[in-house]
Amino acid sequence: MDSSLLANLQLGFGVALAGTNILYCLIGVMLGTLIGVLPGIGPVATIAMLLPATFVLPPVSALIMLAGIYYGASYGGSTTAILVNLPGEVSSVVTCLDGYQMARQGHAGKALAIAAIGSFFAGTVATILVAAFAPPLAELALKFGPSDYFSLMVLGLIAAVVLAHGSLIKAVAMIVLGLLVGLIGTDVNSGIARYNFGLPELIDGVGIGPIAMGVFGFGEIIRNLEHGQKRDVFVKRVTGLMPTWTDLKMSFWPIVRGTTLGSMLGILPGGGPILGSFSAYTLEKKLAKDPSRFGKGAIEGVAAPESANNAAAQTSFVPLLTLGIPSNPVMALMIGAMIIHGIQPGPQIMTANPELFWGMIASMWVGNLLLVVLNLPMIGMWVKLLTLEYRFLYPAILLFCCIGVYSINNAWMDVLLAAGFGLIGYVFGKLDCEAAPLLLGFVLGPMMEENLRRALLLSRGDPAVFVTRPISATLLVIAALLLVIVLTPSVRKKREETFVEDV
Amino acid sequence: MKRREFLVVGGTLAASIALPARAAYPEKPVRMIIAFAPGGESDIGARLQQGVFRKKFGQEMVIESKPGAGGALAWSQLNTFPGDGYTVMGTNLPHIALQPLEGNVQYKTDDITNVHMYQYTPDAIIVRNESPFKTYQDLVKAAKEGQDKVTFAGSGTNSANHLAHTRLNRLMGTRTMYVPFKGTGDLVASVLGGHVSAAMSYNTLALSQKSKMRMLAVASERRLPGFPDVPTFRELGGDWVDGAYRGVGVPKSTPEDLRRKISDIFSEINKDPEFRQKMADGGFELIDITYDKMAAFMAERTKAYLEGAKLMGLAK
């Protein structure tokens with residue numbers, strides 16, 4: 001096993017380091033970083049647009065480049081999240097919470113650096129995991145049935161309560177609101193459109209892009225209009241571009257834990273990076289000696305979720321490469337790219353196209369290295385961006401957001417929705433309601449419903465499946481424990497104190 | 001209202017005035033709108049046509065994705081585009097027949113002017129390797145004994161897979177259960193993990209999962225080249241040749257000669273040997289329903305779908 005792994009890795013690095021492939025990897029990660037930084041313009045639109053251009057390339061080079069765009073985007077997404085509170089990618093939503101606060105306190109450079117370092121560490125570990133354990137990991141993911149997924153989502157939602165700081169009741173309200181927004185669209189089981197107000201554009205529901213861009217991005221921009229040019233105050237005292245030893249020490253374990261969580265959740269189809277970053281943040285907050293620091297510029301709050309989303313971005317290739325299962329829209333597009341290039345995606349890839357399989361895995365590590373090398377020196381430049389005057393920076397961001405949101409489905413409705421959610425986000429800000437739990441409720445709600453109903457359909461309506469299946473039962477027990485912890489008087493007191501401080 | 005009529009008439013008039021210049025069609029890039037997300041089978045098919053189109057006709061075919069509502073979002077807009085031949089749209093059967101029956105959408109089947117159908121992926125029953133069902137007969141036997149213990153995963157409700165499953169139940173004389181899925185990823189994982197008994201899907205799934213799954217029966221006219229041991233439903237006693245058909249439609253205002261021209265172009269693309277090979281590798285069965293055969297083809301198909309829809313309770 002070990003020697004064959006080495007031989008495989010040798011084959012992989014041989015492919016990945018071949019002159020042209022390393023060039024395409026570089027192009028991929030650079031493009032990825034760019035679209036990641038630009039809010040809204042996501043990897044799906046970019047890969048779709050570039051697909052015809054890759055026809056002339058050998059399949060391995062093409063797929064290496066497309067993969068680079070994907071994880072490069074997840075990497076670049078943190079930059080805008082930290083600097084302007086705009087999640088460049090949906091998976092960097094959580095990074096906004098503490099990253100932006102760090103930037104406000106003049107620590108933008110540190111936040112960016114720790115995100116880069118965490119991502120690189122996570123990328124390295126996840127690549128090794130994929131190389132060594134891809135097939136057994138994929139088998140493990142298959143063990144998850146509908147009831148197990150449902151219980152995982154329940155755990156995720158309860159974690160979302162922990163995630164929020166401030167009022168418990170507001171956090172629950174935001175989650176429920178997220179669930180409700182998630183209900184919009186076609187009901188899978190009956191095929192009937194729900195809450196779409198008769199609009200055909202809403203038959204598929206509301207996309208996560210418009211909501212994330214709206215609530216976080218547009219909302220933040222409106223909020224800033226109130227302050228005029230006061231923003232410059234926190235930019236002028238930018239200190240220490242690089243993290244100190246203490247910062248690194250504080251971030252070490254969060255990075256390790258984030259990587260672990262992200263790697264595990266990335267393997268499961270559906271929402272890996274998003275779920276990974278949310279749960280990593282929650283975990284850190286639970287483990288922290290002083291959870292009240294979170295949401296106010298805690299470096300762990302950047303390190304953990306950034307590591308998690310990057311790890312998950314890497315391991316989400318496991319179901320694709322080993323089973324031919326797309327775990328998200330980008331992976332579905334990669335499958336399309338393979339077929340167009342004459343490669344039949346599926347479980348046979350590893351044996352039929354070993355150079356592709358191992359070449360792609362090795363290129364991921366190479367790509368991650370390139371990302372760090374490219375991005376660390378650019379931190380200074382990104383931070384300078386903050387000194388740009390409000391009246392130039394924000395209209396530009398708004399424009400990119402609109403283009404980006406439109407490009408997701410080529411639908412103007414999405415732009416309107418983003419604008420609407422921007423207003424809502426502004427109002428929420430005024431009411432001290434956190435947008436992060438809303439987003440998590442929105443992401444988890446539909447998956448939860450789908451799996452709940454599927455589980456009950458398969459069990460002929462017998463709810464016992466949720467406690468008789470070991471995976472599901474374990475997850476529910478953990479969820480119950482978490483609930484107990486949240487409701488314990490001492491913890492509650494702490495939460496309320498946080499709330500008071502917030503006011 | 002009058003203004004709109006005027007515009008329509010004006011548009012048609014302008015189109016017919018422009019007639020002589022059309023000998024050279026296409027003389028600028030043609031926009032092909034695909035009603036599904038990039039990476040899906042409709043998108044893949046179009047992207048493979050893209051290269052041949054450029055090679056044979058010297059113009060670009062630009063693919064634009066307009067996904068939404070299972071394709072309905074794009075199809076309901078088809079007739080709002082100019083009928084100049086430079087905007088065409090991928091169309092799918094049975095989708096454009098079933099969706100209007102369901103009643104959620106803002107177009108009717110007759111609103112779609114199909115000019116050519118070029119390929120289809122036949123319906124297929126697929127199980128994982130570990131499944132106890134080695135043959136179609138095993139499946140029928142188990143379904144008759146256990147009735148609703150046998151479950152079929154398919155994509156969506158009132159969809160092509162759902163219709164196929166309804167037909168399968170009638171053919172087998174059983175009441176097996178249909179479990180709808182939103183995405184292909186979940187569906188494949190559920191079949192591989194053994195959470196459902198089988199998939200009611202297309203031959204393309206069996207092809208991509210060849211080492212982990214097997215196909216029990218397929219709704220093609222004759223056995224598929226890559227699967228010489230898999231019987232067709234015809235052999236198994238069903239009058240069932242069907243699947244997801246893909247073709248191209250144009251706005252209603254497109255004049256007859258352009259419709260024919262576009263049909264000819266896609267016939268021509270279907271003849272390209274390299275393209276044929278790539279399509280075959282991807283599991284697409286090529287057909288050639290040209291514009292003059294379209295009315296008869298649609299009539300025959302629609303009749304079959306209506307029958308299935310009645311069984312599903314979609315139509316009376």
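Chain B is divided into domain 1 (2-14 + 26-121 + 243-312) and domain 2 (122-218), with bounds that come from an automatic or database domain assignment. This is a predicted model, in which local features need pLDDT of at least 70, side-chain atom pairs count only at pLDDT 80 or more, and totals for chains, interfaces and linings use all residues. Residues are numbered from 1 along each chain as its sequence is written, while chains are lettered from A and ligands numbered from 1 in the order in which they are written.

The C-alpha centres of domain 1 and domain 2 of chain B lie 28 Å apart. Their contact takes 17 residues from domain 1 of chain B and 14 residues from domain 2 of chain B; two residues are in contact if their C-beta atoms, placed from the backbone, lie within 7 Å. On the side of domain 1 of chain B that touches domain 2 of chain B, helix 11 of chain B supplies the largest share, four residues. Helices (H or I, at least four residues) and strands (E, at least two) are DSSP runs, numbered from the N terminus.

Helix 11 of chain B covers residues 291-312, which makes 22 residues, and reaches 31 Å from its first C-alpha to its last, close to the 32 Å expected at 1.5 Å a residue. That expected span is 1.5 Å times one less than the number of residues in the helix. Helix 11 of chain B bends by about 25 degrees at B:Phe297, the bend being the angle between axes fitted to the seven residues ending there and the seven starting there. Its buried residues are B:Tyr291, B:Tyr305, B:Gly308 and B:Ala309. A residue is buried if 20 or more other C-beta atoms lie within 10 Å of its own, exposed if 12 or fewer, and partly exposed in between, with C-beta atoms placed from the backbone. The cover over the buried residues of helix 11 of chain B includes helix 4 (95-102), strand 4 (113-128), helix 6 (160-172) and helix 9 (256-271) of chain B. Just after helix 11 of chain B, B:Gly313 takes a positive phi of about 85 degrees.

The next topic is the contact between the chains. Here 46 residues of chain B are in contact with 43 residues of chain A. By class, the chain B side has 15 nonpolar, 20 polar and 11 charged residues; Ala, Val, Leu, Ile, Met, Phe, Trp, Tyr, Cys and Pro count as nonpolar, Asp, Glu, Lys and Arg as charged, and the others, Gly among them, as polar.

B:Gln209 lies in the loop between helix 8 and strand 8 (213-218) of chain B. B:Gln209 is buried because 27 other C-beta atoms lie within 10 Å. Not counting residues up to four places away in sequence, B:Gln209 touches A:Gly324, A:Gly346, A:Pro347 and B:Val188.

Some backbone features remain. Most residues other than glycine have a negative phi, and most peptide bonds are trans. The peptide bond from B:Tyr25 to B:Pro26 is cis, with omega near -5 degrees, and a cis peptide bond also joins B:Leu93 and B:Pro94, where omega is about 5 degrees. In chain A, phi of A:Phe197 is near 55 degrees, a positive value in a residue other than glycine. A:Phe197 is exposed, with 8 other C-beta atoms within 10 Å.
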